[in-house]
Number of protein chains: 2
Amino acid sequence: MSKQQKRSEETRTRLLNAAEKFFAQDGYDAAGVAKICQYAGVSKGAFYHHFSSKQMIFMALFKQWLEGLDLQLTKLRDDMVDIPEGLISMAAVVQDVIRTAENQLPIYLEFLNRATRDPNILQAMIEPFHRYHAFFAEMIEAGISQGTLRQIDPSVAARMIISMAVGLLIQGLLDPAGSDWEWTTEESIRIILRGMVKR
Amino acid sequence: MSKQQKRSEETRTRLLNAAEKFFAQDGYDAAGVAKICQYAGVSKGAFYHHFSSKQMIFMALFKQWLEGLDLQLTKLRDDMVDIPEGLISMAAVVQDVIRTAENQLPIYLEFLNRATRDPNILQAMIEPFHRYHAFFAEMIEAGISQGTLRQIDPSVAARMIISMAVGLLIQGLLDPAGSDWEWTTEESIRIILRGMVKR
């Protein structure tokens with residue numbers, strides 16, 4: 001990477017961090033590009049060089065957040081020997097998001113919220129659900145072939161796992177003191193698995 | 001109810017319906033009290049007689065939505081003979097929300113979204129989760145006593161059921177064409193129950 005490329009990368013990262021801060025703190029509508037630039041120590045020209053609009057930096061943040069999740073999930077899948085054990089290990093991803101998502105939750109909810117009024121955001125929102133659905137359906141199919149899981153509908157079971165993860169995240173983030181969410185996540189996966197494994 | 005009380009009730013209902021429409025259509029920030037009053041054919045004075053602020057009508061809408069849910073859940077519980085069968089019958093509540101919530105989803109998400117920045121809304125948001133948690137934990141305890149459910153942690157299992165319902169609702173509402181959500185909801189509950197029943 002050239003010196004210039006490196007500087008450009010750093011500027012982009014500073015803008016993303018500043019945007020994350022103000023979206024979380026003030027909400028999407030109130031967070032201004034001027035404020036984001038000022039906090040990042042970056043000119044408006046540089047902002048629009050990297051992102052064509054406030055919506056684009058918002059989408060970039062969401063994408064960055066998902067990339068982190070994808071990386072964790074793919075690593076766990078690649079290290080996996082036994083499918084049921086592997087599914088339990090994925091509880092750690094949900095736990096990790098609950099632990100570190102203080103800044104991300106408001107942005108995620110803002111995203112969800114705007115998705116109901118903006119078809120582009122809706123599309124960006126739905127796409128990862130489809131991707132995670134395929135990811136888990138494939139794992140469950142492998143478990144059925146392996147003989148560790150019984151003949152369930154992989155598509156339904158995948159949606160159930162994603163639903164549970166989404167629901168746990170929302171509750172865990174809104175109400176951190178409401179439960180021991182790490183324990184709840186692990187135990188929930190164990191109960192679900194008990195309904196899925198072959199005996 | 002006197003004629004005057006009846007008229008006052010009707011005004012309140014008209015205001016709630018108009019608020020629901022504009023919150024869903026324009027979002028909370030953009031939805032103005034003036035517009036809500038105009039659509040409802042009600043004076044601003046009458047608005048503030050019923051609701052002290054835009055936030056209060058927003059909270060009232062949320063409360064009204066929850067009351068509908070509570071009614072359905074309580075009815076199902078009271079009619080229930082066998083706990084596992086009863087839990088399956090509650091799939092209908094999730095299906096019903098997915099079917100009828102076109103207008104409610106944006107408001108619910110707006111609510112969630114604002115909860116991250118407003119402690120009053122956060123409190124109003126968390127309270128029903130606690131209530132539903134107690135409701136399901138009690139049902140599961142009854143199932144364990146009845147001998148139909150095995151010795152699971154009722155608190156964890158209740159959180160799992162709520163998580164799944166929340167996750168299914170969010171996916172079903174954002175992505176209605178992404179799956180047969182009625183079937184997914186029913187099958188998900190069956191898989192979960194298989195992990196909970198005594199054999």
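These notebook entries record what I looked up in the predicted model of chains A and B.

**Entry 1. Ground rules**

I noted that the model is predicted, that local features need pLDDT of at least 70, that side-chain atom pairs count only at pLDDT 80 or more, and that totals for chains, interfaces and linings use all residues. Residues are numbered from 1 along each chain as its sequence is written, chains are lettered from A in the order in which they are written, and side-chain values use heavy atoms, with hydrogens and water left out.

**Entry 2. Chain A as a whole**

I began with the secondary structure and found ten helices and zero strands in chain A. Here helices (H or I, at least four residues) and strands (E, at least two) are DSSP runs, numbered from the N terminus. Read in sequence order, the pattern is therefore α-α-α-α-α-α-α-α-α-α. The C-alpha trace of chain A spans about 65 × 40 × 30 Å along its principal axes.

I then looked up burial, where buried means under 20% relative accessible area, exposed over 50%, and partly exposed in between (1.4 Å probe, protein chains only). Of the 199 residues in chain A, 54% are buried.

For contacts (heavy atoms within 4.5 Å), I considered pairs in chain A at least 6 apart in sequence; 69% of these join residues at least 24 apart.

**Entry 3. One helix inside chain B**

Which residues of helix α6 of chain B are buried? In this helix, residues 91-100, I listed B:Ala91, B:Val93, B:Val94, B:Gln95, B:Val97 and B:Ile98.

**Entry 4. How the two chains are related**

A turn of 180 degrees, with a shift of 0.0 Å along the axis, gives an RMSD of 0.0 Å. That is the relation of a two-fold axis. The same surface serves both copies, as 100% of the contact residues of chain B recur in chain A.

**Entry 5. The interface**

How many residues of chain B are in contact with chain A? I recorded 51 residues of chain B in contact with 51 residues of chain A. Between them the chains bury about 4000 Å², 64% of it on carbon and sulfur atoms. Buried area is the accessible area (1.4 Å probe) that two parts lose on being put together, summed over both. B:Arg159, B:Leu174 and B:Ile191 supply 16% of the area that chain B buries against chain A, more than any other three residues.

I next searched the interface for salt bridges (a side-chain nitrogen of Lys or Arg within 4 Å of a carboxyl oxygen of Asp or Glu).

Five helices of chain B each supply at least two residues of the side that touches chain A: α1 (3-26), α7 (104-115), α8 (119-146), α9 (154-174) and α10 (181-194). The largest share, 13 residues, comes from α9(B). The residues on this side of chain B divide into 27 nonpolar, 13 polar and eleven charged. In this count Ala, Val, Leu, Ile, Met, Phe, Trp, Tyr, Cys and Pro are nonpolar, Asp, Glu, Lys and Arg are charged, and the others, Gly among them, are polar.

**Entry 6. Salt bridges**

Over all chains the structure holds 18 salt bridges. I examined the one between A:Arg131 and A:Glu127, at 2.9 Å from N to O. Both residues lie in helix α8 (119-146) of chain A, four residues apart, about one turn of the helix. A:Arg131 counts as partly exposed at 29% relative accessibility, and A:Glu127 as partly exposed at 38%. A network of salt bridges links A:Asp70, A:Glu127 and A:Arg131.

In chain B, B:Glu186 forms a salt bridge with B:Arg190, with the closest N and O atoms 3.7 Å apart. These two are separated by about one helical turn because they are four residues apart in helix α10 of chain B. B:Glu186 is partly exposed at 30% relative accessible area, and B:Arg190 is partly exposed at 37%.

Notes
Copies are superposed by least squares on the C-alpha atoms of residues with pLDDT of at least 70 in both.
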